[in-house]
Amino acid sequence: MKKPAYILLAVLFACAAVISAVLADGNPYWVLLLIVSVPGFLISVILACTAGSKDGDIPFVGY
């Protein structure tokens, strides 16, 4: 994936984390979304930092 896709994914995980943190006070099941979205955000940020802007396909090595 390209760098903008990872940045968009990180923004979506951050929004999900903020919404679930706000709503966790009323319903404790929102903590489950928070537990999933925080590592997803961190992985997306790391992948966005290491990704290039060009399409880097993995070449087929063969058998």
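Residues are numbered from 1 along each chain as its sequence is written, and side-chain values use heavy atoms, with hydrogens and water left out. Because the model is predicted, local features need pLDDT of at least 70 and side-chain atom pairs count only at pLDDT 80 or more, while totals for chains, interfaces and linings use all residues.

Start with the whole chain. Helices (H or I, at least four residues) and strands (E, at least two) are DSSP runs, numbered from the N terminus. Of the 63 residues in the protein, 14% are buried. Buried means under 20% relative accessible area, exposed means over 50%, and partly exposed lies in between (1.4 Å probe, protein chains only). Now take the contacts in the protein with a separation of 6 or more: 63% of them join residues 24 or more positions apart. A contact means heavy atoms within 4.5 Å.

Next, the helix pair. Helix H1 spans residues 3-23 and helix H2 spans residues 30-50. Their axes come within 8 Å and cross at roughly 155°. That makes H1 roughly antiparallel to H2. Axes are lines fitted to C-alpha atoms, for helices over the stretch in contact, and angles run from 0 to 180 degrees between N-to-C directions. Angles under 35 degrees count as roughly parallel, over 145 as roughly antiparallel, 65 to 115 as roughly perpendicular and the rest as oblique. The crossing of H1 past H2 is left-handed. That term applies if the near helix is turned anticlockwise from the far one by less than a right angle; clockwise is right-handed.

Which residues make the contact? On H1 they include Lys-3, Tyr-6, Ala-10, Phe-13, Ala-17 and Ser-20. On H2 they include Trp-30, Leu-34, Ser-37, Phe-41, Ser-44 and Ala-48. By class, the contact of H1 with H2 has 19 nonpolar, four polar and one charged residues. Here Ala, Val, Leu, Ile, Met, Phe, Trp, Tyr, Cys and Pro count as nonpolar, Asp, Glu, Lys and Arg as charged, and the others, Gly among them, as polar.

Now look at two serines. Ser-20 is in H1, and Ser-37 is in H2. Are they buried or exposed? Ser-20 has 0% relative accessibility, so Ser-20 counts as buried. Ser-37 is at 1%, so Ser-37 counts as buried too. Leave out residues up to four places away in sequence, and Ser-20 touches Trp-30, Leu-33, Leu-34 and Ser-37. With that exclusion, Ser-37 touches Phe-13, Ala-16, Ala-17 and Ser-20. A polar atom of the Ser-37 side chain also lies 3.4 Å from the backbone oxygen of Leu-34. A polar contact is a pair of N or O atoms within 3.5 Å; within protein, one must be able to donate a hydrogen and the other to accept it, and residues adjacent in sequence count only if both atoms are side-chain atoms.

Move to Tyr-6 and Ala-48. Tyr-6 lies in H1 and is buried, with a relative accessible area of 15%. Ala-48 lies in H2 and is buried at 10%. Not counting residues up to four places away in sequence, Tyr-6 touches Met-1, Ser-44, Leu-47, Ala-48 and Ala-51. On that basis, Ala-48 touches Lys-3, Tyr-6 and Ile-7. Ala-48 and Ala-5 are 43 residues apart in sequence, and their C-alpha atoms are 8.1 Å apart. Tyr-6 and Ile-43 are 37 residues apart in sequence and 9.2 Å apart, C-alpha to C-alpha.

Finish with two exposed positions. Val-22 belongs to H1, and at 60% relative accessibility Val-22 counts as exposed. From Val-22 to Leu-34, twelve residues apart in sequence, the C-alpha distance is 10.0 Å. Ile-46 belongs to H2 and is exposed, with a relative accessible area of 55%. The C-alpha atoms of Ile-46 and Ala-10 are separated by 9.5 Å, and the two residues are 36 residues apart along the chain.
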